[in-house]
Amino acid sequence: MIRSAFAKFLRREDRDEPGSGPSIIVGLGNPGSKFEGTRHNVGFWCIDRIADTHPEGIGRSHRLVHTSEQAINGHRVVLAKPRTYVNESGRAVTSLFTRYRAKAADLIVVYDEMALPSGKVRIRARGGDGGHNGMKSIIGAVGTQEFVRVRIGIGRPEGHIGDIEHVLTRPSVGERKAIDAGIDLAVEAIVMTLSEGVERAMNVYN
């Protein structure tokens with residue numbers, strides 16, 4: 001479900017914006033209320049947080065993705081939440097590249113990471129999929145690993161819980177508090193990446 005600030009954008013007039021190509025910031029997650037509060041939707045939560053802190057934009061709802069087009073610190077940006085499931089995120093990214101004539105250098109992907117403790121943030125300029133099926137789909141779709149990714153830790157499953165069950169269930173109150181703090185840092189890192197470059201953001205936030 002789109003949060004109120006993001007949903008407000010979807011009611012704006014559907015029109016093209018002038019200027020050079022935008023940066024595309026994609027948060028990964030599964031659509032629908034069933035998955036709304038689950039760990040796998042951390043990317044969606046981050047996109048919502050950016051929308052909340054930069055509340056003026058032009059929203060659109062397409063077949064494969066919801067978008068909000070806006071300016072952040074003078075940079076033209078498209079915030080995107082795929083309407084596909086995580087495992088098919090590449091389809092949404094491909095549609096964004098076609099619509100905005102974008103390339104991998106324009107792309108920032110935000111997603112959950114079990115290899116990091118809850119709320120820990122890591123920024124990379126490039127890299128593999130790390131076993132994340134959403135990233136595997138995107139890399140396969142765009143044909144390169146050369147794009148920025150922002151990982152937000154959700155921790156590893158405990159006890160007899162498997163990886164799939166872990167990502168598709170809700171974090172505890174304490175975990176959610178840590179993840180929310182990580183999302184705040186991720187938003188700061190993304191804004192710095194837009195303004196000062198990914199190397200600077202890596203130095204400050206990693």
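Residues 24 or more positions apart account for 72% of the chain's contacts with a separation of 6 or more; contact means heavy atoms within 4.5 Å. This is a predicted model, where local features need pLDDT of at least 70, side-chain atom pairs count only at pLDDT 80 or more, and totals for chains, interfaces and linings use all residues. Residues are numbered from 1 along each chain as its sequence is written, and side-chain values use heavy atoms, without hydrogens and water.

Start with the whole chain. The C-alpha trace spans about 55 × 35 × 30 Å along its principal axes. Of its 206 residues, 53% count as buried (under 20% relative accessible area, 1.4 Å probe, protein chains only).

Now colour by secondary structure. There are 7 helices and 7 strands, taken as DSSP runs (helices H or I, at least four residues; strands E, at least two) and numbered from the N terminus. Along the sequence the pattern reads α-β-α-β-β-β-α-β-β-α-β-α-α-α.

Next, select residues 173-196, helix H6, and residues 198-205, helix H7. The two pack at an angle of about 145°, with axes 7 Å apart. Axes are lines fitted to C-alpha atoms over the stretch in contact, and angles run from 0 to 180 degrees between N-to-C directions.

Show the side chains at this contact. From H6 come Leu-185, Glu-188, Ala-189, Met-192, Thr-193 and Glu-196. They meet Val-198, Arg-200, Ala-201, Val-204 and Tyr-205 in H7. By class, the contact has 7 nonpolar, 1 polar and 3 charged residues (nonpolar: Ala, Val, Leu, Ile, Met, Phe, Trp, Tyr, Cys and Pro; charged: Asp, Glu, Lys and Arg; polar: the others, Gly among them).

Note on methods. Buried < 20%, exposed > 50% of the residue type's maximum accessible area, 1.4 Å probe, protein only.
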